[in-house]
Amino acid sequence: MTMKVERYTFDAVIVGAGGAGLRAALTLAEAGLRTAVLTKVFPTRSHTVAAQGGVAASLGNSTPDHWHWHMYDTVKGSDWLGDQDAIEFMCRKANEVVIELEHFGMPFDRTDDGRIYQRPFGGHSMNYGEAPVMRSCAAADRTGHAMLHTLYQRNVRAKTQFFVEWMALDLIRNSEGDVLGVTALEMESGNVAIFHGRATIFATGGAGRIYASSTNAFINTGDGLGMAARAGIPLEDMEFWQFHPTGVAGAGVLITEGVRGEGGVLRNCHGERFMERYAPNLKDLASRDVVARAMVTEINEGRGCGPNKDYVWLDLTHLPPETILKRLPGIREIALQFAGVDPIQAPIPVVPTVHYQMGGIPTNYRAQVVVPKGEDLEVPVAGFYAAGECACASVHGANRLGTNSLLDLLVFGKTAGEEVVKEVRSGTLPLKPLPKDAADQSLARLARLEQATSGERVPEVLRDLQQTMQKHAGVFRFAKLLKEGVEKILAIEERVQRTFIEDRSRVWNTARIEALELENMIEVAKATMISAEARRESRGAHVRDDCPDTPEFPNGRNDRDWLKHTLWYREGNRLRYKPVHLQPLSPETEPIAPAKRTY
């Protein structure tokens, strides 16, 4: 493919303009580094805008709280697969980054005495699980929207340079394995460019669109994960996908956990508040995986609601209308538009819907991308950082607590920026020369699409991929279905390589973007299905029917054989494993020992 490839040079290249990307960019731009941010959509349309319920911080504005209680809840929520050094780092940093955001102008809701309003949220407790705690700092039910606009405005002030409607294509690495930037496609013109930098930060978000029913935006196609996998970087813990308990039945649109934090309850067709049977202490505010499985169990055992008994009710009708109008105005709007009900007067039909990937590109607590070297050593990939949902620090382990996602992107977005500033100023991140073949891989991928005149249609392959993931790697997982799922996904991979674009004259660039996104999604799907089939235990969001609750393995979790992170390599679909960091960051911090997970 003959094409002139432009070259742009920056100190730092950030891919993604959601919360993590904007927080990293702000640190870099304010430090005076030349910073480029590539984004498929206008920054304030990034998926962070959809976050509703809040951001976790142990401010203690409404109930007593402590960062170590937050750390305990996060480790417990992760089903002990989270790295305790990274979790301690995040929970200790929480108050700092939230108050900093407040000073940036974030319009948090307020208590009567003017402090940041906090609400209860699933899995968050005081005094190590004794009672619910008010920890989620909220801006009504539009917290992500407020955060994204606040961070974007600060970046405009800092003169961050945005490349809007550019899609990153591939990582550029030299023979030593250092990351030197990315190739990218301008979506409107189809022009290809190299973005050359001292540091590259991935903040590309999740890949929830690999499932048929998802709360994720259509842009969430795992682009960062696909690029990393093609460049030889492993993907960590991709078997763990969170199904949010409350998506609108038939639409998948998210109903925030904040509804239950404000007092909403789940009911079956008998009107019974069934979570009391599954989580007697925290009830409707148990961890997300626990609530999602309880809902599916109610439906599977015939206690679902509606003509097909395929959903349950989320009931707010007992709440004062003024509470709903003040604290949950967006949720009322969603219920009216997507479910046709006014939650002031009638319950909302809800089902679990895929929401968040716990796995991603492996990083340490300093947001450096790390790869194994030998048995126990991990080494950073020079010039490469990741933050937010595309990264796996791992602060979420096998199951993320609600409101820790916005905290994750604030803490590790800021940390990635600080690490780059420090290394650029110390001279340890020089601008390294590009290899002569820097753009060849991307040009070859584009040439294949341009030259193919027959084969598989992208929408049909995508539909089959999504339906395969939904059926074979859902809320409950079965050994036979997982094995079949691996075979089906590998067959779909072959079809992806035969895709072509039909009507080039009318939708050439749009269709080309969708074909390129599909190439990223298949990498994520392979990593997920192969990792899930191999993990022979139940832990967090990964629950297998052949690994039930026993005295030796509580909740089906096998710490003897499986207390370890999965690493999936694209070459040969190879798996290897690495230990979980069970030792906290500070010597004085007590480790949180594995125990049976109950709520």
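On a 1 Å grid over the protein atoms alone, a pocket is an open set of points with protein on both sides within 12 Å along at least five of seven lines, and its lining residues have an atom within 4 Å of a point. A volume is the space filled by probe spheres set on the points, which are joined across faces, edges and corners.

The model is predicted: local features need pLDDT of at least 70, side-chain atom pairs count only at pLDDT 80 or more, and totals for chains, interfaces and linings use all residues. Residues are numbered from 1 along each chain as its sequence is written, and side-chain values use heavy atoms, with hydrogens and water left out.

**Second largest pocket**

The second largest pocket holds about 530 Å³ of space. Its lining comprises 25 residues, of which Val290, Arg293, Val543, Asp549 and Asn555 are the closest to the centre. Helix α8 (residues 288–300) contributes the most to this lining, with 5 residues. Helices (H or I, at least four residues) and strands (E, at least two) are DSSP runs, numbered from the N terminus.

**Sheet and hairpin**

An open sheet is formed by 3 strands in the order β10-β21-β22, with antiparallel pairing; two strands pair if DSSP finds at least two bridges between them. The edge strands, β10 (235–236) and β22, each pair on one side only. Between β21 (residues 564–569) and β22 (residues 574–579) there are 6 bridges. Leu567 has Arg576 of β22 as its bridge partner, and Trp568 stands opposite Leu575 in β22. The hairpin of these two strands has 4 residues between them, and Gly572 takes a positive phi near 75°.

**Aromatic pairs**

Rings of Phe, Tyr and Trp (its six-membered ring) pair if their centres lie within 6.5 Å; planes under 30 degrees apart count as stacked, over 60 as edge-to-face and the rest as tilted.

| Pair | Centre to centre | Angle between planes | Class |
|---|---|---|---|
| Tyr152 and Phe162 | 5.4 Å | 55° | tilted |
| Tyr311 and Trp313 | 5.3 Å | 70° | edge-to-face |

Tyr152 lies in helix α4 (residues 143–157) and Phe162 in strand β6 (residues 161–164), 10 residues apart. Buried means under 20% relative accessible area, exposed over 50%, and partly exposed in between (1.4 Å probe, protein chains only). Tyr152 counts as buried because its relative accessibility is 18%. Tyr311, at 14%, is likewise buried, whereas Trp313, at 26%, is partly exposed. Ring pairs also link Tyr8, Phe10, Phe163, Trp166 and Phe195 into a cluster.

Methods:
On a 1 Å grid over the protein atoms alone, a cavity is a set of points where a 1.4 Å probe fits but cannot get out, and a pocket is an open set with protein on both sides within 12 Å along at least five of seven lines; lining residues have an atom within 4 Å of a point.
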